[in-house]
Amino acid sequence: MLTRFLPCVAVAALLLAPGASLGAQVKKPAIPPKTTPVVPPKPVVTAPVATPGGQPVLARVSGVVFDSMAYAPLTEATVQFVLAKDPSKVRSARSDSSGHYAIDSLPVGIYLVGLVHGQMDRFGLDGFALPVNVAEGGEVELPLGLPSPETFRTSKCRDQGPGTPTGVFVGMVRSARGQSLGGPARVRVQYTETTVNAGAMERRRPLRTVEASPTGSFTLCGLPPDALLTTRAYAGTDSSGVVELRVPTSGILIRDMYIGSAERVVTRGASGSTTTLRGEGRLRGIVRDTAGRPLLGARVSMPGNGAEGAATGGGQFQLDSLPGGTWMLEARAVGFQPRRVAVDVMDNGLAMTEISLEAVAPTVDTVRVQADKWSAQMAGFESRRKMGFGHFFDESFLEQRNARTIADVLRQAPGVSINPGQNSRDQVTMRGTSGTGKCIPALFLDGVNTMSTDGVIDNVVNQSDVRAIEVYTGTGSIPIEFQTRNGCGSVVIWTGGRRPPTRSPGR
């Protein structure tokens with residue numbers, strides 16, 4: 001049996017749980033207390049112990065494997081004991097639902113002890129081992145554990161300067177196809193940061209990118225606790241969707257990000273073109289209220305890939321032909337607060353999820369609830385407009401402008417150039433990130449990145465079908481859900497039939 005552990009004494013404090021001592025003998029295993037792990041003493045090498053009859057002295061080693069991050073037993077962990085003088089001799093056991101493990105008839109001696117578990121990979125602890133001297137036979141207790149949040153933060157974020165936020169985002173980038181990543185993986189994160197200087201409030205949108213290790217693990221330090229992150233993972237041409245994750249008040253967010261490929265499908269109808277992303281994944285779930293009752297007719301959608309559906313009997317729904325990866329799933333129902341959750345969709349597989357919606361508390365006698373797709377899109381539109389980044393054209397402006405083409409509308413946006421294009425239609429360009437030269441901006445149609453290599457946006461969508469436009473010319477100000485790697489800005493267009501203009505009474 002091959003072992004994954006290396007003889008590394010320096011990491012002993014990460015694997016030996018609080019209260020454990022090398023070679024200690026106790027009768028009853030106990031769950032470690034919630035304290036910072038202590039540094040154990042160096043093991044003492046002793047001569048092999050044998051009985052007068054020449055038989056080796058055997059011990060029964062047991063204990064609890066504890067996850068100090070979650071403050072709960074670590075289940076399904078493989079504990080390995082590798083004999084230091086003969087690494088070919090390996091004994092192992094698996095922790096049960098209570099985190100308990102036991103290895104019987106273990107000859108006394110010096111061992112390298114380590115853990116095999118997804119959490120070890122996720123925290124970048126893969127390959128670490130603890131030297132342990134089993135010096136006496138009989139019952140020997142050896143509790144093991146992962147580092148506490150404080151210990152992990154200190155070891156992983158030691159280079160952070162004073163005053164830096166203490167939040168940490170840690171996880172693994174994984175392939176939705178169950179294969180290797182096929183190249184360097186990165187995780188991009190954006191969040192809102194508000195500061196007050198000299199009585200003035202300043203709002204920023206920092207953009208952070210971290211490169212994952214060859215195994216896919218990543219750690220991003222310096223995040224504000226309780227911050228809402230907009231994040232995406234990618235490697236080569238594979239990508240996740242844009243998902244929202246909140247850093248807990250404890251300061252450590254643990255979340256894996258799955259990435260996959262997608263096929264772009266364009267459907268043309270009477271109201272214009274619709275672009276969706278398709279794959280071979282499936283998602284099945286149930287929408288309930290907080291009392292557990294199913295919500296018949298609840299609407300579910302996945303922003304960014306165009307998939308949507310409705311809950312039928314029992315509050316159940318199913319979405320098919322989904323692109324693989326981690327995506328945001330949104331559920332809405334009349335009289336309930338909308339909710340978004342991150343879901344992992346596997347290629348050629350079925351993912352399961354449940355969503356609970358909280359009822360809207362009545363504040364007036366009559367409440368009109370409009371829970372359509374347009375309302376959700378405009379909620380995000382208004383939220384981004386309040387941030388102060390980009391240039392925005394709403395439905396009222398488009399009605400007043402009454403422009404003939406989209407290019408005519410975009411002439412009003414700073415940093416946008418309109419040039420003669422093919423077939424008597426205008427080309428939309430911006431200035432590239434290098435500061436010189438022109439580039440074709442990325443085009444997002446109803447939240448989906450849509451192909452427009454020539455910059456003639458009017459060839460893709462009709463101006464009469466446009467209800468709102470967002471323009472981002474500076475790459476540092478582009479929201480993460482509308483970012484690409486084309487070295488240019490982005491134009492975001494929301495479509496749908498416009499509402500009729502409001503008329504004054506008597507007209």
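Guide: The model is a predicted one. The side chain of Glu211 forms a salt bridge with that of Arg186, at 3.6 Å from N to O. Glu211 belongs to strand β14 (residues 207-211) and Arg186 to strand β11 (residues 186-190), so this pair ties together parts that are 25 residues apart in sequence. Arg186 also counts as partly exposed, at 30% relative accessibility.

Side chains of opposite charge can pair when their charged atoms come close. By the rule used here, the count of salt bridges comes to 20.

Another of these pairs is Arg255 with Asp344, whose side chains meet at 3.2 Å, N to O. Arg255 sits in the loop between β19 (252-254) and β20 (257-259), and Asp344 sits in strand β28 (residues 339-345), so the parts tied together here are 89 residues apart in sequence. Arg255 counts as buried, because its relative accessibility is 17% and the cut-off for buried is under 20%.

Arg385 is partly exposed, with 29% relative accessibility. Asp394 is partly exposed as well, with a relative accessible area of 23%. Salt bridges with shared partners also link Glu244, Glu330, Arg332 and Arg340 into one network.

Glu244 leads on to strand β18 (residues 243-246), where Glu244 and Arg246 make up the uncovered face, while Val243 and Leu245 make up the covered one. Strand β18 pairs with strand β16 (residues 228-235) in the antiparallel sense, over 4 bridges. Within that pairing, Leu228 has Arg246 of β18 as its bridge partner.

Next come the aromatic side chains. A pair of aromatic rings is described by the distance of the centres and the angle of the planes. Across the whole structure, a search finds 10 aromatic pairs. In one of them, Phe444 and Phe482, the ring centres are 5.3 Å apart and the planes stand at 65°, so the pair is edge-to-face. Phe444 is in strand β34 (residues 442-445), whereas Phe482 is in the loop between β36 (466-472) and β37 (490-495), so the pair ties together parts that are 38 residues apart in sequence. Phe444 is buried, with a relative accessible area of 3%. Phe482 counts as buried too, at 3% relative accessibility. Both rings belong to one aromatic cluster, formed by Phe381, Phe392, Phe444, Tyr472, Phe482 and Trp494.

Last, the chain as a whole. The chain has 6 helices and 37 strands. Of its 507 residues, 47% are buried. Among contacts with a separation of 6 or more, 65% are between residues 24 or more positions apart. The accessible surface of the chain comes to about 25100 Å², and carbon and sulfur atoms account for 50% of that surface.

How values were computed
Residues numbered from 1 in each chain as written. Predicted model: local features only at pLDDT ≥ 70, side-chain atom pairs only at ≥ 80, totals over all residues. Heavy atoms only, no water. Salt bridge = Lys/Arg side-chain N within 4 Å of Asp/Glu carboxyl O. Helix = DSSP H or I, 4+ residues; strand = E, 2+ residues; numbered from the N terminus. Buried < 20%, exposed > 50% of the residue type's maximum accessible area, 1.4 Å probe, protein only. Pairing = 2+ DSSP bridges. Phe/Tyr/Trp six-rings, centres within 6.5 Å; stacked < 30°, edge-to-face > 60°. Contact = heavy atoms within 4.5 Å. Areas by Shrake-Rupley, 256 points an atom, 1.4 Å probe, with all protein chains shown as cover.
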